[in-house]
Amino acid sequence: LISVDELCDWYLNSDCAGIMALSPGAEMNHLSEDEKLNLVERVINRVKGKLSVGAFGSYSSTIEKQAEFIKKLHQKGVDIIIVSLADLAKQSEDNTKLRANISELLNLIGDIPLGICESTEPYQRSFHLDDLSWVASLCKFAMFIDISGQLSFTRQKFAKIGYNPGFKIYAGNSTVLYDSLKLGASGYTGSASSIFPNFYSWLCKHYKDQRDKATLLHRFLSIAQLAIERYYPITSKIYLRLHGGFDKLDPVTRIQLTQIVEEDILRLQHLKETADFAWENISTIQTKKDKSTLL
């Protein structure tokens, strides 16, 4: 768990607003419940309230078990717990069943702060606009993570929800992040932030007042996401070792992946060199800490 401390320090020093202690994009589906809870406790103890701590809590196969785990995360001190659409309803179940399961979960957990996220694993499920509007109207969810890379669909979601300070929308896809921010997104939360937390934080704060640099930075992040997602999460671990300061972070994973070859490592080295150059061109700007931009 020493490498977890290194990662927490990485976020603390990158001007982020929060950290996702459990995320389905990493290895969480391969950890036991005790391992998940121990990891969450380690993160909370390390950041000591300096960052908001989020965690996905809908790993179990039934709504009842999901509710039990969500309560355990809440008792540990997690600030907001995210549930995934793919965990809330089976692929064969329609949106009526999805709504019923959401209502059942809310009845079981009471007033615990929740967020909700579209899903790509174990199957892809996005919100229908009417269902998204219904979820927002419940006043039980504080945030929604939009993982769509389709800008037209993202625009429809913002138009459907309108201005709702109690239901913040976060981009979960780098490709449409810049446009999402202009539409009203509160920030970014996604796998790429484990590698470029400072970039995403800067972009979320300066997309209005530094438009030229923000546009170029966003294009870089959109392309970089392709390299990051290839064999994730092992790519992020290799990248962070290349970056330095992660001596205890071993580039291993419980997920069965294709063997990483020299070409992949070289691509990540090129990515790091490009990122270093990009950061040199934007880091001279003095930024004002704003804890509302990134979770």
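Author: Buried means under 20% relative accessible area, exposed over 50%, and partly exposed in between, with a 1.4 Å probe and protein chains only. Please note that this is a predicted model, in which local features need pLDDT of at least 70, side-chain atom pairs count only at pLDDT 80 or more, and totals for chains, interfaces and linings use all residues. Residues are numbered from 1 along each chain as its sequence is written, and side-chain values use heavy atoms, with hydrogens and water left out.

Reader: Which residues of H11 are buried?

Author: They are Ile234, Thr235, Ser236, Lys237, Ile238, Tyr239 and Leu240. Helices (H or I, at least four residues) and strands (E, at least two) are DSSP runs, numbered from the N terminus.

Reader: What do those buried residues pack against?

Author: They pack against helix H1 (2–12), helix H10 (211–229) and H12. Contact here means heavy atoms within 4.5 Å.

Reader: And what comes just after H11?

Author: Gly244 follows, with a positive phi of about 100°.

Reader: Let us change topic. How many cavities of 30 Å³ or more are there?

Author: There is 1, and the largest cavity has a volume of about 30 Å³. On a 1 Å grid over the protein atoms alone, a cavity is a set of points where a 1.4 Å probe fits but cannot get out; lining residues have an atom within 4 Å of a point. Grid points are joined across faces, edges and corners, and the volume is the space filled by probe spheres set on the points.

Reader: Which residues line the largest cavity?

Author: Ala227, Arg230, Thr235, Asp264, Arg267 and Leu268 do. Thr235 is also among the buried residues of H11. Helix H12 (residues 262–282) gives the most to the lining, with 3 residues.

Reader: Where does Ser180 lie, and is Ser180 buried or exposed?

Author: Ser180 lies in helix H8 (residues 177–183). Ser180 is buried, because its relative accessible area is 1%. Leaving aside neighbours within four places in sequence, Ser180 is in contact with Thr154, Phe158, Ala171 and Ala185.

Reader: Finally, how many helices and strands does the protein chain have?

Author: The chain has 12 helices and 7 strands. Of its 295 residues, 51% count as buried. The C-alpha trace spans about 50 × 40 × 35 Å along its principal axes.

Conventions: On a 1 Å grid over the protein atoms alone, a cavity is a set of points where a 1.4 Å probe fits but cannot get out, and a pocket is an open set with protein on both sides within 12 Å along at least five of seven lines; lining residues have an atom within 4 Å of a point.
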